[in-house]
Structures are given as C-alpha cells and as structure tokens.
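Dear colleague,

Please find below the structure I am handing over to you.

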Amino acid sequence: MKLLLIRHPKPDVPTGLCYGATDVPLPNGWQEQSLILQSYLDDRFAHNKVAFYHSPLSRAAELSQLLSRGTSSCVDALKELDFGEWENQFWNMIPKETIDSWMEDLVQSAPYRGESLQSLANRVAGWWQSVQDKELDACVAVTHSGVIKVLVSLLCQWPLAQCHRIDVGFNSVTELTIRGEFITLNRLGAGDWVPR
C-alpha cells in the first residue's frame, strides 16, 4: 500500500499566528494549484483502489473533497494539535519562558493547556491501526503539519521529540510504501508534482 500524507493549502491567516486546531479559511483561488495536485494523483492512481481521509478542519476537508471528488471520509484523529491557550495568538507574543518550558519536554508537556504531542501521537496511531490492513492500493490522508510529522516519526521509528525538525510545506505530498512491517519513506514534504 502507498500511504500519501498531504498537507492542506496555506490558509488565509496572518503570518506568525498559532492556529493549530482552530478552523481557519483558505484564501480565494486555492483550488488552482490543488487541481494540479488532483491531476497528479489521478495519473498515478487512475485504476487503483484508493481511499481518502481528511481532518474535520475545513482547510484540509475542502482540499480532500476536491481531490477525491467528494468521496473522502472525515476523521477526527487527523485534526491538528490543539494548542489550547495559544490558539489564535502570535508566536512572538507567547512568553519565551513558556515556549522554552514546552521544548524541554516536547512529547509530554502542554504548558498551553491543550494537547500534548504524545496525545496527538496516540490518536494518529489509532487511526493508522484502523486502516493499515485495508485492501487498498493507496491511502490518502489530507491533514496538517503536526499530524504528518508525528505519523512519519512513528512509522519510521524516529524519536517523537525530534519530529519538529521535519519540514512539510503547504500542499505537499509525503509518501510511504507499506509492506507489512517493512516501510519505505519515498518522499517527504515534496512539492515536485507542481510543474516547473
């Protein structure tokens, strides 16, 4: 099975805003580049059995419904990390000592009174366990940066505390090949499906 993790398009929010689990809109015209992504997926998986899943947040849901032509399933576990009290604050306005405290134990702590990285990992792992044995050629999850970083770390057995080092751009594709316990990371946060 191919597992494709697609990050949503860049939302219409001010630069530097912490929006995590907040439902923020996509900008006008977001579909243009997304139609190129749809064509890329169509070419690769035209005659294959493919299932689409998406986060309930509209920035991922709208993209997934476009890519799947309305067949994508909403999954709460694919929602972005909940930053609690930090939601809708600018990162540069959050006290540095609070961020430093979080970074000291990135996996278990949640000084923002939201969700810890371990909580996110638990729910994402639960979703993956529910779909990993399905008879599919490809499983496509349209989701968020945090979810992709955590799931890649879990599948590749990388330290969860280091997942913040993974970079996945907006509208990017991360692809893994799953053969039982053998997992290959084919691309990470790549946008090479976009014509140059």
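Thr-177 lies in strand β7, which covers residues 173-179. Please bear in mind that the model is predicted.

The residue Thr-177 is buried, its relative accessible area being 6%. Its side chain takes part in polar contacts with two partners. One is the side chain of Lys-2, at 2.8 Å; another is the side chain of Asn-186, at 2.6 Å.

I then turned to the cysteines. How many disulfides does the model contain? The count is zero. A disulfide requires two cysteine sulfur atoms within 2.5 Å. For Cys-18, the closest cysteine sulfur belongs to Cys-163 and is 15 Å away, so the pair is too far apart for a bond. Cys-139 is likewise in no disulfide, with the nearest cysteine sulfur, in Cys-74, at 14 Å.

Are these two cysteines, Cys-18 and Cys-139, buried or exposed? Cys-18 is buried, with 1% relative accessible area. Cys-139 also counts as buried, because its relative accessibility is 0%.

In short, Thr-177 is a buried residue of strand β7 with side-chain polar contacts to Lys-2 and Asn-186, while Cys-18 and Cys-139 are buried and the disulfide count is zero.

With kind regards

Notes. Residues numbered from 1 in each chain as written. Predicted model: local features only at pLDDT ≥ 70, side-chain atom pairs only at ≥ 80, totals over all residues. Heavy atoms only, no water. Buried < 20%, exposed > 50% of the residue type's maximum accessible area, 1.4 Å probe, protein only. Helix = DSSP H or I, 4+ residues; strand = E, 2+ residues; numbered from the N terminus. Polar contact = N/O pair within 3.5 Å; in protein donor to acceptor, adjacent residues only side chain to side chain.
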